[in-house]
Amino acid sequence: MFRSLVIAVALLPLSATAATPQPEHYRRLNIELVDAQVVPGYGRLADSATALDAQAARYCRGDASLDEVRESWGAAFDAWQGMQHLRFGPIELFMRGMRMQFWPDPRNSVGSTLDELLAKADPALLGEHGFDQLTVPAQGFPAIETLIHGDALTPGSYACGLLQTIAGGIADMAADTLETWVGGDRPWREGVAHAGDGTLHYQNHQEVTQDFFKAMHGALERVAEHKLMRPLGASHETTKPKLAESWRSGRSLDNIRANLVAAEAMYLGRGERGGFSRVVREVAGDTQLDDLLRRAFKQTRDTADSIAMPLSRAIADPAERVKVAKLAREASALKALLAQRLTAALGIPLGFNSMDGD
Amino acid sequence: MNRREFLTSGIAVGVAGFVPGAFGAGDARIWYGARLDADGRAHASGFDADGRLRFDVVLPARAHGAGYSAARGELVVASRRPGDFLWVVDALTGRVRHRIAAASGRFFNGHAVYARGLLYATESVVTDAPLPGGNGVIGVYDAATGFARVAEFASGGHDPHQLLALGDELVVANGGLLTHPDAPGVKLNIDTMDSSVVRIDARDGRINAQHRLGAALHRVGLRHLAAAPDGTVAVVAQYEGPVGDDVPLVALLRPGRALAPLELPQQERLKNYVGSVAFDAGGRMLGLASPRGGVALFHDVDADTTRGLIEVPDGCGIAATRKPGEFVVSSGLGGVRRWLAGEGSRLTGAAELDHSRWDNHLLELA
């Protein structure tokens, strides 16, 4: 039961481990994560973003339906949700991550920015350098989501031009992110493989592992604290559905499921026998912790799968709401397990000061 | 904002017979730190040079910085942003003297300071749209009337964080980040952030001067401050951009002068994030703590030379002591270290020192 997981966090903050991982273990883990997750993940993002860009052009010519654009957006956004947790590396350059998706957005900056842009209808924004002139909230997936679920969009309209500007910008950013990982004179992949040689800012392999750990931990944190707890509100009568991610398209739970799959994939690694799990099991020798984390990931995903309606309805439904709250607790408990037990097993010195900041 | 419990906690574990000065003249020093215990409960604690816990207050939520008044024999513990409490605590016994709740539509940002018989706290106004002049304010509380909120000054930007009192002037670091209680911890305006250090007249709130690093460095968030006895203020930063970028993290602000960035030879060890800063008692040595780098770095400002660096995993709290060149550093993974003249050592004593997650700041109560 998950309750026992929560207790395990409290009672066993520091576990004695058989061995502390060595630089070579961190290096092997990092390279595996780059090759099995980072590169293919950004590849999927680049491909689906290119497809979205092409679909937007077809729609604006009158050769595709709005539903087809929504579908292409959904596919590209799924690919993004699978990479949303990776906050370091090329995605961090030029604020690409934030430009891909400005969220959370408690002030509805995306909506109000688009309203202004549509009212102004500045033709310069539809030109070659239009994308760079947009402010951050108007540059990413939520802006397209707003357009394709709003009433301003018709083939040939100004809104359609804006849609193409944004879709083109997203496709460029995705391609550049992938290229910076694998291409050029000094690809990031090589920099990670040789961490400490001065190519990147990393002093050693352990620091790269820390960044991967923070990505996995951050995925659970965002799911628990932002994607679930904020819209839940205090009761089923005081929910805040517009604080949910992707409320306009009703994809909030799809996002959460994609995030959980991505975080679990980092933990389990290639063929479910690599990733962080192998370090815990084979290096730290803590099979109990590995079993516990595998169970926790699976249970959290199962709970997410058990919710039978879109998030905005589920939180207001007395029966489904219980499952949403359970999911929030499980994601939060799993996050705590990672922060307290997994960091100890991995021998990485991460605490709340370095992770939360202030 | 007043949803949280103000009545439940405040269990003061008192001094248990400790007498200041009992450990020899000059070593009655006590340091404040906020911490989480093994069960995840938040405390504000004081410990001494022998590693003994001298007071301990259970809090409703994580605390951040603190202000100290020797005249009143008390400290004010500030809740972590977006915070809803300031607790005024007897520095000797740990008894909670006052619980100050955040004013309507305001939250506390984690720092407060005593000056002129008043208490000044950095706060932010909660709004749907950002206010043109910035959402930052300084709440002013009158210690003589049970800490009634008697005034509010504009801070000149978003997100005022640490503040210092120098004579009749407040020096305030406007971090520049826009946050919202509906998305705690999320920075909403990194693309447009505007950080500054302002000098504010503590009597009437007039802004006497405002200093910035420059438009090209607008993502360098100036958040923490320390003052030397001669009035020089050290300003340290957290960069909201890629870790590999080369940007200033420390600047000195001398009276009547502009912000002067400091180049540090081992700056890459700080990972573009300084979480806390202290000037030593001589006003010459600067102690910088970087939890992301897992190090504390000690830089001699007069000689412009780094004198030492110690590894402190998740180390963030740093306080100068009365001894020139001496610092105390706390770790978010447990443990407190001392550094003096190039030598680091561990402070041992109460189990709580090692078995606590020490939060962002330490302060010598002197």
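Two residues are in contact if their C-beta atoms, placed from the backbone, lie within 7 Å. Keep that in mind as you go, and remember that this model is predicted.

**Exercise 1. Find which residues of H13(A) meet which residues of H15(A), and work out how the two helices run.**

Step 1. Locate the helices: H13 of chain A covers residues 287–306, and H15 of chain A covers residues 318–346.

Step 2. List the contacts. On the H13(A) side you'll find, among others, A:Leu289, A:Leu293, A:Phe297 and A:Thr300. Their partners in H15(A) include A:Leu327, A:Leu334, A:Glu330 and A:Arg341.

Step 3. Sort the residues of this contact by type: eleven are nonpolar, four polar and four charged.

Step 4. Look at the axes, which come within 9 Å and cross at roughly 160°. Angles over 145 degrees count as roughly antiparallel, so that's what H13(A) is to H15(A). The crossing is left-handed.

**Exercise 2. Decide whether H12(A) is mostly covered or mostly open, and say what covers its buried residues.**

Step 1. Go to residues 275–283 of chain A, which form helix H12.

Step 2. Count the buried residues: there are seven out of nine, so by the cut-off of 20 or more other C-beta atoms within 10 Å, this helix is mostly covered.

Step 3. Name them. They are A:Gly275, A:Phe276, A:Ser277, A:Arg278, A:Val279, A:Val280 and A:Val283.

Step 4. See what lies over them: the cover includes H2 (23–61), H11 (252–268), H13 and H15 of chain A.

Step 5. Step past the end of the helix. H12(A) is followed by A:Gly285, which has a positive phi, near 70°.

**Exercise 3. Work out the strand order of the open four-stranded sheet in chain B, and find its edges.**

Step 1. Trace the order, which is E9-E10-E11-E12, with antiparallel pairing.

Step 2. Pick out the strands that pair on one side only: E9 (106–115) and E12 (148–154) of chain B are the edges.

Step 3. Neighbouring strands here are turned by 25° against each other on average, ignoring direction.

Step 4. Zoom in on one pair. E9(B) and E10(B), the latter spanning residues 118–125, run antiparallel and are joined by seven bridges. For a landmark, find B:Phe107, which stands opposite B:Ser124 in E10(B).

**Exercise 4. How many residues does each chain bring to the contact between A and B?**

Step 1. Count by chain: B gives 31 residues and A gives 25.

Step 2. Sort the chain B side, which has eleven nonpolar, ten polar and ten charged residues.

Technical notes:
Residues numbered from 1 in each chain as written. Chains lettered and ligands numbered in written order. Predicted model: local features only at pLDDT ≥ 70, side-chain atom pairs only at ≥ 80, totals over all residues. Pairing = 2+ DSSP bridges. Axes fitted to C-alpha atoms, helices over the stretch in contact; angles between N-to-C directions. Parallel < 35°, antiparallel > 145°, perpendicular 65-115°, else oblique. Left-handed = near helix turned anticlockwise from the far one by under 90°. Nonpolar A, V, L, I, M, F, W, Y, C, P; charged D, E, K, R; others polar. Buried ≥ 20, exposed ≤ 12 C-beta atoms within 10 Å, placed from the backbone.
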